[in-house]
Amino acid sequence: MSARRVISRVVYGSRYDRVPWGQRIYIRPGERFVRELQWRLRLRRAPVMTLQEYRERTPLGEIEEFVSCHLCGETRQQPLFQPTDTRRGWSYQVVRCPACGFLYRNPNIRPERLGELYANSYSGFLTGRYAANRQRRYRLTMDAFNPVFEIGRGRRLLDFGCGAGLFLELAEQRGFDAVGVDLSADSVDMANERLTRARAHFGAPDDVPEIAAGGFDVITLWSVLAHLPRPLEDFKRFRDLLAPGGVLLILTVNAASLQLKAYGSGWNGFTKNHLMFYSAETMPALLRRSGFAAVAFAPFYGDTIEAGTTKLPASLQERLRRNVETGDGGNMLRALAFADDEAVGRWGGGLRVRDLD
């Protein structure tokens, strides 16, 4: 048994052994304080270097390029993590911007080579174990931002990165005039087999005339933001595609998560195709620079907690919710970006709206 496990056993005994690891970190007394301290120590010890120094010590892959911070332009680098999956044969470096705190992969994937990450039956991943509870998570997130998704009749929706059409299926059921785009051709084919009225298209928004014309009331990015190599360009385009009063929904991994701070390179948000990692502190800069007016965040307590299927006793559920709300916001980041003041007035009621001016 490792020293860390021995200490844990001495401090907590066995009373949390049946609590899943993803929940345990929010429940055990003192855990949040320890993990935050651990994070501060990591940042203090990690070196900060120039981009040139970083380039000299870091190998560059065939489809990769060195980049600076996309949010603030800072060129200095603070290497923090090296996520690795030896079984699947991938590894990359994650750095932190010492100016604004943004986490991103560096070297990153060249935008023109991005499609190569999704060319080999990516739909098999999207419809396998990954998809088992995916629609439940979509419903829970839509509920967190009511009433945006309650009634879709007469409203246009674009699902960017629609994959195999799991969300488009829900959107058409709620009455939206829905379309989607994706870089995985086999996923698009699978989506169109699933759908009745909604349609999925292969490529980028500008490749499809009906999408390029804009006028969308809602745009959704379900676990897509971390995959974008040029987020500022993409978000300016999303803003242009929205109609007055429109909103952009974002679900992505949370770079402020206690799980990241605890597990480092082993965090489940570091996957093969993820490129950039946002938090409630860094995402507003992206939205502000791309022309959005405001944003609201909704805490993520975990699918089983929100769906009411967890086996945790009520007292521990309450402790988890409290720590998520007062701490990191959960392992996933859920945000609703408002295109303009009209959107805030129409959809911001009951939400904690943050002005981006």
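Okay, let's begin with one term: a residue is buried if its relative accessible area is under 20%, exposed if over 50%, and partly exposed in between, using a 1.4 Å probe and protein chains only. By that rule Glu65 is buried, because its relative accessible area is 15%.

Before going on, a word about what we're looking at. This is a predicted model, where local features need pLDDT of at least 70 and side-chain atom pairs count only at pLDDT 80 or more, while totals for chains, interfaces and linings use all residues. Residues are numbered from 1 along each chain as its sequence is written, and side-chain values use heavy atoms, with hydrogens and water left out.

Now, the overall layout. The protein splits into domain 1 (45–116) and domain 2 (128–355), with bounds that come from an automatic or database domain assignment. Their centres, taken over C-alpha atoms, sit 25 Å apart. Where do they touch? Well, 21 residues of domain 1 are in contact with 20 residues of domain 2, and contact here means heavy atoms within 4.5 Å. Together the two domains bury about 1900 Å², with 68% of that on carbon and sulfur atoms. On the domain 1 side, His70, Leu71 and Phe81 lose the most area to domain 2, together 30% of what that side buries. Buried area, by the way, is the accessible area (1.4 Å probe) that two parts lose on being put together, summed over both.

Next, charges. Side chains of opposite charge can pair when their charged atoms come close. We call it a salt bridge when a side-chain nitrogen of Lys or Arg is within 4 Å of a carboxyl oxygen of Asp or Glu. How many are there in the whole structure? The search finds 15 salt bridges, and the count between domain 1 and domain 2 is 1.

Back to Glu65, then. Its side chain meets that of Arg230 in a salt bridge, 2.6 Å from N to O. Glu65 also has a salt bridge with Arg110, at 3.9 Å. Arg110 is in the loop between strand S7 (108–109) and helix H5 (122–126), and Glu65 is in strand S1 (residues 64–65), so this pair ties together parts 45 residues apart in sequence. Those labels are DSSP runs numbered from the N terminus: helices are H or I with at least four residues, strands are E with at least two. Arg110 counts as partly exposed, because its relative accessibility is 29%.

Let's move to helix H3. It has 15 residues (31–45), and at 1.5 Å a residue they should span 21 Å, which agrees with the 21 Å between its end C-alpha atoms; the expected span is 1.5 Å times one less than the number of residues. Which residues of H3 are buried? Glu31, Arg35, Trp39 and Leu43. The face turned away from the buried side carries the exposed residues Phe33, Arg44 and Arg45.

Arg28, Glu31 and Arg35 are linked in a network of them. And Lys261 forms one with Glu36, with the closest N and O atoms 3.0 Å apart. Lys261 lies in helix H11 (residues 258–263) and Glu36 in H3, so the pair ties together parts 225 residues apart in sequence.

That's my tour, thanks!
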